[in-house]
Amino acid sequence: MRFSRKALGIPYGIFLLLFVAAPLAVLFYYAFTNGSGQFTFRNLTGFFTDANTLGTLFYSFALAFVTTVVCLLIAYPTAYFLAHSRLKSKSVMIMLFIMPMWINFSLRITALKELLTMIEGNLACYPFLNSVLGMTYDFLPFMILPIYNVLTRLDQSLVEAAKDLGANNTRTFLKVTLPLSMPGVMSGVMMVFLPAMTNYVVLDMLYNSTYIMGSLIGSYFSAYNWHGGSMISLILLGIICLFTLLTDTDKEENVRGGTLL
Amino acid sequence: MTGKIRIGRLVFLILVLLFLYIPILLLAFYSFTNASVFGSFSSFSLKNYVTLFTTPDMQNMILGTVVLALLSSAIATVLGTSGAIGFFYSKRRTTRFFSSVNQIPVINADVVTGFSLCILLVVVLGIGKDTYIPLVLGHVALSAPFVYLSVIPKLKQMDPSLYEAALDLGATPKTALFKVIIPQLFSGIVSGFMLAITLSLDDYFIATYTKPATFDTISTYVVNATKGTHTEVKTALWALSTLIFVIVLVIVIAMNVRAAKSSSARQQRRNG
């Protein structure tokens with residue numbers, strides 16, 4: 001066969017179909033079958049009629065919502081001040097804010113846990129607060145980076161035009177800067193909200209025994225209940241899809257892993 | 001901007017930095033003492049570092065994490081890069097289809113990725129976790145999409161006539177690929193590889209659902225250790241955290257110095 005550039009895509013294409021698409025198909029199958037392989041809606045109706053699992057869904061949303069808002073309130077000003085600072089070494093400064101994400105998250109949460117233990121004494125007294133702190137501590141850099149990227153690329157002449165046309169600083173910010181930075185905010189929200197619903201290790205490590213959606217998958221996994229776990233995964237996928245459709249994030253804005261390119 | 005506002009902004013930035021760094025720096029400080037909790041210590045000591053480097057368990061998990069990261073990232077880089085080149089030159093429809101499949105692991109929650117891979121590979125196909133195949137495949141599936149995403153922009157920037165020119169001048173397609181296309185993509189490939197490494201090192205969920213029971217990565221080991229009551233293990237991990245912090249710091253400084261050098265060289269070229 002003649003060598004062609006197209007053919008280079010074949011191995012990765014097969015890989016994606018086998019190990020990215022196929023696992024999702026299997027999830028679908030397991031979510032709608034029971035232990036003996038029969039088709040059933042039990043797993044789905046069970047989730048939405050059980051007070052415990054609904055409570056978990058609600059708690060996950062509450063935790064993710066509060067975490068996202070706190071991250072946003074810290075990250076937006078940080079990104080804005082950095083992008084608009086006259087500091088010479090802006091790239092070094094942003095590095096400082098991003099660098100923690102390259103340190104293993106479990107070790108960072110360990111550090112936070114030791115500090116909180118020193119301050120609070122017994123961690124179990126403030127489970128929700130500690131979880132929000134832990135998640136914020138873990139995910140903050142992922143919120144700062146996309147907002148910073150958008151703000152530095154923002155066309156300054158638009159801001160100047162608004163000011164020339166008589167808008168004051170507040171109005172310029174609300175009518176020009178903020179709307180134009182929304183893509184960065186949206187990808188930041190994506191980077192924080194979904195992990196905050198699923199990263200149950202942060203809760204475990206900070207002694208919050210309440211379940212979030214991720215913990216449900218973990219407990220089904222430990223109990224070898226593939227069908228229940230698949231349904232939770234499917235519900236999470238539904239939430240993710242909904243989010244992606246609502247936010248319509250730009251692919252290039254994704255900053256997981258912390259690339260600055 | 002008035003001076004007051006500027007100082008206010010600076011104070012805010014410093015407070016955020018303190019929030020991010022105080023826990024890590026305190027942990028680093030106490031890692032050099034004999035303390036078992038923050039707040040009190042009687043003497044400085046290197047025992048945490050000694051424990052870290054002499055306990056076989058810990059040596060194995062550090063080595064295992066590094067080997068896994070290098071291996072899975074190497075595979076992910078080859079797959080992701082060749083995939084990016086292949087799909088970029090394919091029909092529009094093919095490209096669009098595979099880039100959306102490529103997005104799935106990027107936006108999906110890691111718990112779901114890990115769980116679904118475990119069901120497919122271990123439950124349905126019956127591949128034993130002890131073979132390490134599910135673990136390596138899981139990490140490749142997590143990181144290859146990010147390699148793909150960091151190579152694609154470089155392909156878009158590349159001048160398409162370069163490849164044609166190489167062929168016209170008598171290069172075989174293979175030579176043109178290795179001598180013309182890949183060098184053009186190199187910076188994207190390198191950053192994709194680095195990204196893959198950081199994703200693999202930071203992963204907890206995919207490892208938990210696909211790893212052999214006797215194998216631990218740093219993440220799974222740390223999480224298990226916090227549930228246990230071995231103070232010695234716990235404080236030795238403080239030493240590990242400190243070492244990782246120093247390594248990351250050195251890499252970041254080195255990258256910055258290099259970037260500064262190359263940008264000043266570029267400026268000199270432009271001026272001279």
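This is a predicted model: local features need pLDDT of at least 70, side-chain atom pairs count only at pLDDT 80 or more; totals for chains, interfaces and linings use all residues.
**View 1. The interface between chain B and chain A.** The contact draws on 94 residues of chain B and 83 residues of chain A, and together the two chains bury about 8100 Å², of which 77% lies on carbon and sulfur atoms. Eight residue pairs are counted in polar contact between chain B and chain A. On the side of chain B that touches chain A, the largest share, 14 residues, is supplied by helix H1 (residues 3–31) of chain B. Sorted by class, that side of chain B holds 67 nonpolar, 18 polar and nine charged residues.

**View 2. The salt bridge across the interface.** Between chain B and chain A the rule finds one salt bridge, and the side chains that meet in a salt bridge here are those of Glu114(A) and Lys234(B), with a distance of 3.6 Å from N to O.

**View 3. The largest nonpolar core and Leu237(B).** This core has 161 residues, and those with the most contacts inside it are Phe97(A), Met213(A) and Leu237(B). Helix H6 (residues 133–157) of chain B gives the most to the core, namely 14 residues. When neighbours within four places in sequence are left aside, Leu237(B) is in contact with Leu107(A) from chain A and with Met61(B), Tyr221(B), Val222(B) and Ala225(B) from chain B. Another core, of seven residues, lies apart from the largest one, and among its members are Leu27(B), Tyr30(B), Phe38(B) and Trp238(B).

**View 4. Thr220(B) in helix H10.** Thr220(B) is placed in helix H10 (residues 218–227) of chain B, and Thr220(B) counts as buried because its relative accessible area is 2%, below the 20% cut-off. Its side chain is joined to that of Asp216(B) by a polar contact of 2.6 Å. Not counting residues up to four places away in sequence, Thr220(B) touches Tyr204(B), Ala207(B), Thr208(B) and Lys211(B).

**View 5. Asn48(B) in helix H2.** Asn48(B) is found in helix H2 (residues 47–54) of chain B, and with a relative accessibility of 0% Asn48(B) is likewise classed as buried. The side chains of Asn48(B) and Thr235(B) make a polar contact of 2.9 Å. Setting aside residues up to four places away in sequence, Asn48(B) touches Tyr30(B), Ser31(B), Thr33(B), Thr235(B), Ala236(B) and Ala239(B). Asn48(B) and Phe38(B) are 10 residues apart along the chain, and their C-alpha atoms are separated by 15 Å.

Note on methods
Residues are numbered from 1 along each chain as its sequence is written. Chains are lettered from A and ligands numbered from 1 in the order in which they are written. Side-chain values use heavy atoms; hydrogens and water are left out. Contact means heavy atoms within 4.5 Å. Buried area is the accessible area (1.4 Å probe) that two parts lose on being put together, summed over both. A salt bridge is a side-chain nitrogen of Lys or Arg within 4 Å of a carboxyl oxygen of Asp or Glu. A polar contact is a pair of N or O atoms within 3.5 Å; within protein, one must be able to donate a hydrogen and the other to accept it, and residues adjacent in sequence count only if both atoms are side-chain atoms. Helices (H or I, at least four residues) and strands (E, at least two) are DSSP runs, numbered from the N terminus. Ala, Val, Leu, Ile, Met, Phe, Trp, Tyr, Cys and Pro count as nonpolar, Asp, Glu, Lys and Arg as charged, and the others, Gly among them, as polar. Buried means under 20% relative accessible area, exposed over 50%, partly exposed in between (1.4 Å probe, protein chains only). A nonpolar core is a set of buried Ala, Val, Leu, Ile, Met, Phe, Trp, Tyr and Cys residues joined through side-chain atoms within 4.5 Å.
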